[in-house]
Every structure is written in structure tokens, then in C-alpha cells.
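I opened my notebook to look up how parts of this model meet.

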Amino acid sequence: MTTNRLSDILVNEYGVDREAIDEAQRLRIEQNSTFSDVLLKKKLISEHHLLNVFAKLYDIPFAKNLPVEGMDTQFARKVPIQFLKKYTMVPILTGEPFPGMEDLFSGEGKDTRTIIAIHDPSIFQPVDDLVNILGIDDFELVLASRDAIYSLINLAYDSSRDTAQQLVADMEENGGDIISEIEETADLLDDTSDAPIIKLVNHVISQSVKIGASDIHIEPEQYSFKIRYRVDGILYDMLTPPKWMQASLVSRIKVMAKMNIAEKRLPQDGRFEVKIGDQNIDIRVSTIPITHGERVVLRLLNKSGSLFKLYELGMVPEKLDLIDSLIHSSHGIILVTGPTGSGKTTTLYAILSSINSPDINIITIEDPVEYQLKGVNQIQVNPKIDLTFARGLRSIVRQDPDVILIGEMRDLETAEIGVQSALTGHLVFSTLHTNDSASAITRLVDLGIEPFLISSSVLAVVAQRLVRVLCSECKEPYIPEKESLARLGLEPGDVKNTVFYRARSCDKCFQSGYRGRVGIYEILVLNEKLQAMVLKTYDSHQLKREAVASGMTTLHQDGIRKVLQGVTTIEEVLRVTQT
């Protein structure tokens, strides 16, 4: 009856085609779904309008915002999160009337202490089940959007979880029982298990994702072991559990990564994927045997994160214009250099995204493929089957590419194919591990590339570092000491009207004083003078002096600019530029 009334309202008030309604009804039965889900998937009506219609049909108020302050999350210990997400509903329990929501209720319901937010009022049984589980007598229903309900569910279950420290403390009290429990359950890969070591591993990973860590380090010591996170390039201590937990925790991670848990004398590599909320995390695991046990590093890659645009990387407008002109060249090599973790891959992906279009063929060979780029053909290096950079490249050049990305020029063969590709009309991007832009030329010569080939093929070298960005909530102005300014090459008279900032700490930045990172860059363009110079000498110091004389801004100078803009600190620039 209600479904027919809903169909009539959709046709009469929202102009939905009757045939589309009939098709939605058919799909509802065929897919064993709800009518509202089918309507939203087929975009026959917006979620906001649908909830307004439900409010009229069922006489249930539509809450555009759900209360968060003072919310009691005790229900998270009684109700499985999967149950609430499956039926898209959440109980909101509080000891006070809901601020700003009093107008949703009338009469006795106005002072109720419990509401249940639902998305589809046609599902009655799950609501009854929830009420029975929680033992609720007095409650009110409200309608809410799917996103609002999911956000509240995630918030409740995240805040109700035991802290890592609490989990460790509980485990210390029941050490003997826990070891036997782990041995029985670890091989089942059962993430919903109550085995404490499994809960601890899950919690460590979920917390690292929450604070934006890129790596988790598990480091054995003689009488204990340490768990540390790397956030914005800096390692922070998280936990120091007792030594007896070490072997079980490492074994759990090795099981998840499909590694040999019996082999503890040789290094191993593995990987696994986890889903945390709406985020897909790819985790690469590396173990090495050291004196006091196995050292484990987990590299976290958030596949749900959006790719950066070129203008979001931190380049000043003139450098952005220069890069834009270089990457639209018809042929040549553009190298991005810097140490591990300096953002080279992020920069290259931003470049590929900006030039990607249907009329050009882009092929990459990478180790690993970190993000899937739509419209780009990406090859994963696999040494186990002899798919190396060099072998993959030889195949790529026969695939008629316009643009080639080589993850890294590691050896002479790879570098030679890259150079030949550039000389035969392809635009080639790659990375090198060097300290500055001029050193990339020296590195290519060291690999065995002839200077005249470098001069003919290399268009530019981009050197980069990442500096941490000051937390906008807690950074504070100060007057730096004369010695600090001198290390930047500045005099107090040069910066009379400049406001300098330093890091403090607050909850927003996890007491670090910094939130996020931004790039500093130097771009060496091989103009005619530098090309001629490469034929005579490949001394990096001479090349750099000539590039600076031609107008190149060094990493150090770009860092100083970020300090003067209040983006970062003097200490950060000195740390990454090693001046």
C-alpha cells in the first residue's frame, strides 16, 4: 500500500516516469533490495527529497543533522557494527534532551532520551531487534541521510574501542591464556575474533590510518620491543609492549601478509589489504632478522586517497608555469630526484594526471604501482617472473607510447632504453636517488650513459624535498635568534617586517606542532649553455653554479620562501636541505 502511495507521489509531485517506477519495482524483487535503494541508485529522486516524502508518508520527522555532543556510545559494545550498517540505522542515547532537535517531537516524545535514526522506514523488524538488544522502552524514530548515519556509527565504534595501551595492559594480566588462544585462532584470519593479539594488531593499523601514518615499525630490543609510527616523515613512539608479545604479534602480521611464519632467519616480503570505514589500505610488509628477533616494517598506502593536482604540491606560480611547459614537450627526459620518501612518485602522478587525455598513449612501469590512474596503462615490476624494468621497457617501446614513466632508472640497461626512447620521439619521466638536481647528471654518467646522449635527451631535472606544514591551530609567532637566521643566510635587517612562526602542540596535530607536508623544489633546465657544459664536464658543483647563474632557485632558497610565508619553520628547512 505504502509503496503504491510512494509511486504516486514520485509520479505526481516529482515528475518521475511511470515506466521507470515499474522498472525499479522489478529490480527491487530481482536484486532482493529495498525500493528506496533502487530509486537512489537509479537517481530517480534525490536522497533529500526521498526522505521528505518518507516523512510525510510515515509521519516520522526528518533530521537534517544528528546530534554528536554528549552521545553515549555504550551501545557499540552490545550491537555489531555490521548489523547497524546493513540496515543503515543508529541509536542515539544521551542523558539530556537533544539540543536543536526539540522541534522534531511533540507531547511526551519531546523529552525522550533515546532516538533511533533510520534511513528506510519500511524495514520494521531490524528496529524491533535493535530495541530488544538494547532493552529500550521509550524511543522516537527520526529519518536521516545515509552519510549522517554512517558517520555517527563510525564515530561511536571508534571512540568505544579499547586503546592500544589498554589492550596491552589486559594482555599482561592474562599472558598464559592468551598465548594458547592466539595459536588456536591466528591461522583462521578471523578479524572479528576476540583474540587479544588480533585486536591489538587491528587497533595499531586502524590508529595509524586515523593519524595519517605512512609506516609502522616493530622494533625488537633485548628485554622489550617498540612500535612506532612515521607521520609526516618523522617517527613517533606509540607503544612499548612486553617482550613475550613480540613473537605472537609478528606471527599474526606474517599470517595476514601470507608469509612463512616458520621462517625467522631470512628476510621476507608480503602484502595484504584492509578496509577501514570507507578507506581501502594496501599494506606492504617487510621483515628482517636482527639480534633480538624479527624487525617488521609495514608501509601503508591509502588507495582511497585522492591524487594531488600539480597546483597542490606547493610550487610557486613561476615554477608551476615552468613545469607545465616542460611536461607538454613532445620528447625528452624529465627526471625527478630526491631521497626515499621525498614525494617523487606523488609529483610524477600529478604530472601524468595533468597531461592525461584520450589522444595520447601513456604507459608506465613501476615498482610498486601505488595508484590506479584511469586511462593510463600501468605495469607492475615482478622479478620472480623476470619482469624487470629493462625487460618491461623493451616491450613498452613496441606499444606505440607517447609518454613513458619509468619508476626508477636503477641500472645502465634501463637508463639506455630511456635515453633511446627520448631520442626517438617519446616523452620519458623517471626518478633517481640524488641529493640535488645537478647530481642527476653525474649519476647518469656513473651508470654509463655518454655525456653527449645526456645533453641531447635530458630536458630538465626536478629535485624535491618535503617539509612539514605548521599546524594552523597552535603555531605561534616569535622572533628567531640571530644564529638561526644566519644558518638560513639571512640578516635581522633583511626580515624586519616578517613574522616567523614556530611549532607548539595541540590535539589537532597529535601534539607534533605540524599537520601535513608540502614540497620544496629546484628545477634545473638544460639550456644551451648547460648542454654544452655537460659535454665538457659532469662535475655537479660546476653545473649547479651555472644553473644558479641562469636563474635556478635552489631547494634551500625555496625552503626559505616557505619560512617567510609562515608555512613551515627554520628547523624544518635546515633538516631537509642539510645546510
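I looked up how helix H19 and helix H20 run against each other. H19 spans residues 528-536 and H20 spans residues 540-549. Their axes come within 10 Å and cross at roughly 170 degrees. Angles over 145 degrees count as roughly antiparallel, so H19 and H20 are roughly antiparallel to each other. I note that this is a predicted model.

Next I asked which residues of H19 and H20 meet. From H19 I listed Lys 529, Leu 530, Met 533 and Val 534. From H20 I listed Gln 542, Leu 543, Glu 546 and Ala 547. The residues of this contact of H19 with H20 divide into 5 nonpolar, 1 polar and 2 charged.

Then I turned to charged pairs. Side chains of opposite charge can pair when their charged atoms come close. How many salt bridges does the structure hold? I found 24. I followed up some of them.

**Entry: Glu 23 and Arg 26.** These two form a salt bridge, with the closest N and O atoms 2.6 Å apart. Both lie in helix H2, residues 18-30. They are 3 residues apart, about one turn of the helix. Glu 23 has 29% relative accessibility, so it counts as partly exposed. Arg 26 has 40% and also counts as partly exposed.

**Entry: Asp 215 and Arg 299.** Here too I found a salt bridge, and its closest N and O atoms are 2.6 Å apart. Asp 215 lies in strand S4 (residues 215-220) and Arg 299 in strand S9 (residues 293-302), so the pair ties together parts that are 84 residues apart in sequence. Is Asp 215 buried or exposed? Asp 215 is buried, because its relative accessible area is 5% and the cut-off for buried is under 20%. Arg 299, at 41% relative accessibility, counts as partly exposed.

**Entry: Arg 394 and Glu 413.** Their side chains meet in a salt bridge of 2.3 Å, N to O. Arg 394 sits in helix H14 (residues 389-396) and Glu 413 in helix H15 (residues 412-423), so this pair ties together parts that are 19 residues apart in sequence. I looked up how open each one is. Arg 394 is partly exposed, with a relative accessible area of 34%. Glu 413 is partly exposed as well, at 39%.

**Entry: a network.** Which residues do salt bridges with shared partners join into one network? I wrote down Arg 271, Glu 273, Asp 282 and Arg 284.

Methods: Residues are numbered from 1 along each chain as its sequence is written. This is a predicted model: local features need pLDDT of at least 70, side-chain atom pairs count only at pLDDT 80 or more; totals for chains, interfaces and linings use all residues. Side-chain values use heavy atoms; hydrogens and water are left out. A salt bridge is a side-chain nitrogen of Lys or Arg within 4 Å of a carboxyl oxygen of Asp or Glu. Helices (H or I, at least four residues) and strands (E, at least two) are DSSP runs, numbered from the N terminus. Buried means under 20% relative accessible area, exposed over 50%, partly exposed in between (1.4 Å probe, protein chains only). Axes are lines fitted to C-alpha atoms, for helices over the stretch in contact, and angles run from 0 to 180 degrees between N-to-C directions. Angles under 35 degrees count as roughly parallel, over 145 as roughly antiparallel, 65 to 115 as roughly perpendicular and the rest as oblique. Contact means heavy atoms within 4.5 Å. Ala, Val, Leu, Ile, Met, Phe, Trp, Tyr, Cys and Pro count as nonpolar, Asp, Glu, Lys and Arg as charged, and the others, Gly among them, as polar.
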